[in-house]
Amino acid sequence: MLSLLLASLLAQDEMRKFEPWSQWDKYKEGTTVVFEMETSGMKMKTSKKLSKKGDDKHTLETEMTMKVGDQEIKTPGEE
């Protein structure tokens, strides 16, 4: 019973520490992640590049390309 309680408390502590941006700490500047999806005539591709890495702030360059039929839409951005 005590080990179950300790495991639960440790899991809660780890969940509190989790911040999505902290996951980028593992990677070097220039690292790119690409997500692709295709469904019934629509294709979507999103890429995120770690362009700047700081102590308290990271900058990601984001580009999304969506293709529906013969039309293609690109939307660059920054997070």
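**Entry 1: burial and surface**

Buried means under 20% relative accessible area, exposed means over 50%, and partly exposed lies in between, with a 1.4 Å probe and protein chains only. By that rule I found that buried residues make up 14% of the 79 residues in the chain. I was working with a predicted model, where local features need pLDDT of at least 70, side-chain atom pairs count only at pLDDT 80 or more, and totals for chains, interfaces and linings use all residues. Residues are numbered from 1 along each chain as its sequence is written, and side-chain values use heavy atoms, with hydrogens and water left out.

Next I looked up the accessible surface of the chain, which comes to about 6,800 Å². Carbon and sulfur atoms hold 56% of that surface. The areas come from the Shrake-Rupley method with a 1.4 Å probe, and for residues only the protein chains shown count as cover.

**Entry 2: confidence**

I checked pLDDT, the predictor's confidence in each residue, from 0 to 100. The chain averages 79, and 72% of the residues score at least 70.

**Entry 3: the elements**

I listed the helices (H or I, at least four residues) and strands (E, at least two), which are DSSP runs numbered from the N terminus. The chain has one helix and four strands. From the N terminus on, they run α-β-β-β-β.

I then looked at contacts, meaning heavy atoms within 4.5 Å. Of the contacts with a separation of 6 or more, 21% are between residues 24 or more positions apart.

**Entry 4: strand pairing**

Two strands pair if DSSP finds at least two bridges between them. How many bridges join S1 to S2? I found eight, and the two strands run antiparallel. In this pair, Val34 stands opposite Ser47 in S2, and Thr39 stands opposite Met42 in S2.

I followed S2 onward to S3, residues 58-68. They also pair in the antiparallel sense, over eleven bridges. Met42 has Val68 as its bridge partner in S3. Lys52 stands opposite Thr59 in S3. S2 and S3 form a hairpin with four residues between them.

**Entry 5: the turn at Ser40**

S1 and S2 form a hairpin too, with two residues between them. I went to Ser40, in the loop between S1 and strand S2 (42-53). Its phi is near 25 degrees, a positive value in a residue other than glycine. Is Ser40 buried or exposed? Ser40 is exposed, because its relative accessible area is 79%.

I also found a polar contact of 3.3 Å between the side chains of Ser40 and Thr39. Such a contact is a pair of N or O atoms within 3.5 Å; within protein, one must be able to donate a hydrogen and the other to accept it, and residues adjacent in sequence count only if both atoms are side-chain atoms. Ser40 and Val68 are 28 residues apart in sequence, yet 9.4 Å apart in space, C-alpha to C-alpha.

**Entry 6**

I looked for aromatic pairs. Rings of Phe, Tyr and Trp (its six-membered ring) pair if their centres lie within 6.5 Å; planes under 30 degrees apart count as stacked, over 60 as edge-to-face and the rest as tilted. The count comes to one aromatic pair. Why is the pair of Trp24 and Tyr27 edge-to-face? The ring centres are 6.2 Å apart and the planes are at 65 degrees, so the pair is edge-to-face. Trp24 counts as buried because its relative accessibility is 12%. Tyr27, at 41%, counts as partly exposed.

Last, I looked up Lys28, in the loop between helix H1 (2-17) and strand S1 (32-39). Lys28 is exposed, with a relative accessible area of 68%. Lys28 and Ser51 are 23 residues apart in sequence and 9.0 Å apart in space, C-alpha to C-alpha.
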